[in-house]
Amino acid sequence: MTHQDTGRASEPAAQIDGDAAAAFLSHEGRPESLRHAPGPYFGDYGGRWMPESLIAALDELQETFEAAKADPEFTAQVAELNATYAGRPSLLTEAKSFAAHAGGVRVFLKREDLNHTGSHKINNVLGQALLAKRMGKTRVIAETGAGQHGVASATAAALLGLECVVYMGAEDTRRQALNVARMQLLGAEVIPVTNGSQTLKDAINDALRDWVANVDTTHYLLGTAAGAHPFPAMVRYFHEVIGEEARAQILEQTGKLPDAVCACVGGGSNAIGIFHGFLDDPSVRLYGFEAGGDGVESGRHAATITLGRPGVLHGARSYLMQDEYGQTMESHSISAGLDYPGVGPEHAYLADIGRASYEPVTDREAMDAFQLLCRTEGIIPAIETAHALAGALKVGQRLAADLAPGEQASDKVIIVNLSGRGDKDVATAAEYFDLLPDDSAEQEIAQEGEQL
Amino acid sequence: MKTLSSKAAAAVEKARSEGRAALIGYLPAGFPDVPTTIEAALTMAANGVDLIEIGIPYSDPVMDGRVIQDATVQALAAGFTVPQIYDVVRGITSATDVPVLVMTYWNPVMRMGVREFASRLAEAGGAGLITPDLIPDEAAEWMAVSDEFGLDRVYLVAPSTSQARMRSTVEASRGFVYGVSVMGITGARTSVGAAARAVVDDAHAAGAERVCVGLGVSSAAQVAEIARYADGVIVGTALVAALRDGGVPAVAALCKDLSTGTGKNPS
Ligand SMILES: Cc1ncc(COP(=O)(O)O)c(C=O)c1O
């Protein structure tokens, strides 16, 4: 670990409300450290709710992953790719003008948007593609919603000489025609999924069906920190670099730990990656922002932790959007990357023990924050990320309203995980803000929900 | 594998005593509607099927191929809800002695509560559950509850199953062990591979008294081939397609044909 120890022991305990938080702070019934939780269980969550046919492949993956983690050659390979291909470390940028809208606290952006392919997703795909090679697999399959993880997977496959097949809802392949072309340019095959609700969850179903039939040659490159063990712990491992870098950078730039860390939560990979760096720093409050869609009272949202109930989907027990009979419900969000009715099991655990708080952010709040960041900082964020930015505005205002005597808002520090850039979302945003002339070709595309 | 008061075991043993492999037929509940499911199941029972398997339509059936997916999507779209499974089971068990196993993905059971789900299934006369996405490692609650209500628990074993898992899964099962014939999902296949025989042999070697083979079986010739080494043969997709295309009479005809293949010593 490269963590500096400065600040860790001397930080005052955070004031967090509620019994769960009290239990967290007293470490009742929990190991001393929350970092590096190995799975398969995170409290009552996680596990392997999977067909027997896939258990051997999950065992093989787990063994390969454990051996790789302990192999200096592998960790050096990951570090090398991160440094010379993905462009790590990513910057930590202070957003001074944006911060004026967040109660005047200091806001720092962890710039995962500057990574190759434009989001945090590259951290995970490079790691898993290397593992696929260690297992002697020649083919990777992936699911994708908006196309970000599909593009990242196709990129890693091209780099490492692997065959790549991406499952994508048929509706999405039409709406995201340019991302389909991007994957194809990178040599991947994109298979439109016409099953079930034809969304991201059905793309995962079809990827699992492919995996069962081709498991000898194929690795399933899951794109988020969900799914059966070892996926949640493994995907987190490859994203831990976000939190490690951010912690060292904020200590260097401000001399202290932040008061809060904010991230958006779809399946939860960028959030768990940055949270991990601060899990054992009780003074740092962790906030996950879920897609509130049209508003949680509307029923059209993807606020899984806020409104879901524990259940099993895609191999893990976690919070789940389900009806009274246990059928998975369709989620809704302006952001395709957050439009998933499940969430990674470690987040379910962190929510239950009160270590992290999860709140919904509506489409509208997210789009307002999207525009604000564009105008104040010259950075176009992904719409997924805009949910974290909207959340950070609220957190900043709360911190500023709750200052101790003698404290200034500018003494407070928030880090936002800027998980991706918004180039893919320009048409959606242009349509949302009514920037397109009525008869333009772009308008036609945007009305179909294109996220370029 | 415990044999105590297992309805599924009794059905397989009855076939064995007649020199046959058991024929097990699958249909999803509520396709095209609940009364037709019951009628089709009773028709299977009257035409050579020894054990009936009824599936609960579920939003995310990862082990199912297109034919069964389409049928279950249709059932859900037509308004099928999980508790109707008890109407289906009761409708069948009140009219025939052929036992009924319910095939279900796990989340609907979890959502209702494992104990409530099981007690209502027992009350409706059901034999137990086949659980395609529940492995014994995660099944502590179901193990206890199925003992309490005397329900069968049919787990799957696959060509990829290790010897250690084969032993523990056989040990955890009651009724029979479901041998997956190929690495894949449900759907008719022209041939059932050599892997199926190896799975059955391994499960027997691990102590299983009854191993039934499913996935991809669609013809009497395939039934005959599998009947030579397995204790039962499970047919799903072909029956669903028959019901879809030709209604209950087509189910009757297919069952009659399939049952000609179950002889252990074909002359
Ligand atoms: C930029 C960006 N951020 C966040 C997400 C949400 O995924 P996760 O919750 O796994 O970080 C996505 C998914 O596509 C994304 O593209």
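Predicted model: local features only at pLDDT ≥ 70, side-chain atom pairs only at ≥ 80, totals over all residues.
Let me start with one pair of residues: B:Leu156 stands opposite B:Tyr178 in β7(B), where strands, here and throughout, are DSSP runs of E with at least two residues and helices are runs of H or I with at least four, numbered from the N terminus. Residues are numbered from 1 along each chain as its sequence is written, chains are lettered from A and ligands numbered from 1 in the order in which they are written, and side-chain values use heavy atoms, with hydrogens and water left out.

The two strands of that opening pair, β6(B) and β7(B), run in the parallel sense and are joined over two bridges, and two strands are said to pair if DSSP finds at least two bridges between them. In general, strands of a sheet pair through backbone hydrogen bonds, either parallel or antiparallel. Along β7 (residues 177–180) of chain B, B:Val177 and B:Gly179 point one way and B:Tyr178 and B:Val180 the other way, and all are buried, buried being under 20% relative accessible area, exposed over 50% and partly exposed in between, with a 1.4 Å probe and protein chains only.

Stepping back to the sheet in chain B, nine strands form an open sheet with parallel pairing, in the order β5-β4-β3-β2-β1-β9-β8-β7-β6. Its edge strands are β5 (152–154) and β6 of chain B, each of which pairs on one side only. Elsewhere in this chain, four bridges join β2 (residues 51–55) to β3 (residues 100–103) in parallel, and B:Gly55 has B:Met103 as its bridge partner in β3(B).

Now to the interface, where contact, meaning heavy atoms within 4.5 Å, takes 35 residues from chain B and 34 residues from chain A. The area buried between the two chains is about 3000 Å², with 52% of it given by carbon and sulfur atoms; buried area is the accessible area (1.4 Å probe) that two parts lose on being put together, summed over both. Of the area that chain B buries against chain A, B:Val62, B:Arg111 and B:Glu138 supply 23%, more than any other three residues.

The rule finds two salt bridges across this interface, a salt bridge being a side-chain nitrogen of Lys or Arg within 4 Å of a carboxyl oxygen of Asp or Glu. In a salt bridge, the side chains of B:Asp60 and A:Lys201 meet at 2.9 Å, N to O.

Turning to chain A, A:Thr224 lies in the loop between β8 (218–220) and α10 (231–254), and A:Thr224 is buried, with a relative accessible area of 11%. Leaving aside neighbours within four places in sequence, A:Thr224 is in contact with A:Val235, A:Gly267, A:Gly268 and A:Ser269.

Lastly, β10 (residues 285–293) of chain A is mostly covered, since eight of its nine residues are buried. Strand β9 (residues 260–264) of chain A pairs with β10(A) in the parallel sense over five bridges, and A:Cys264 has A:Phe289 as its bridge partner in β10(A).
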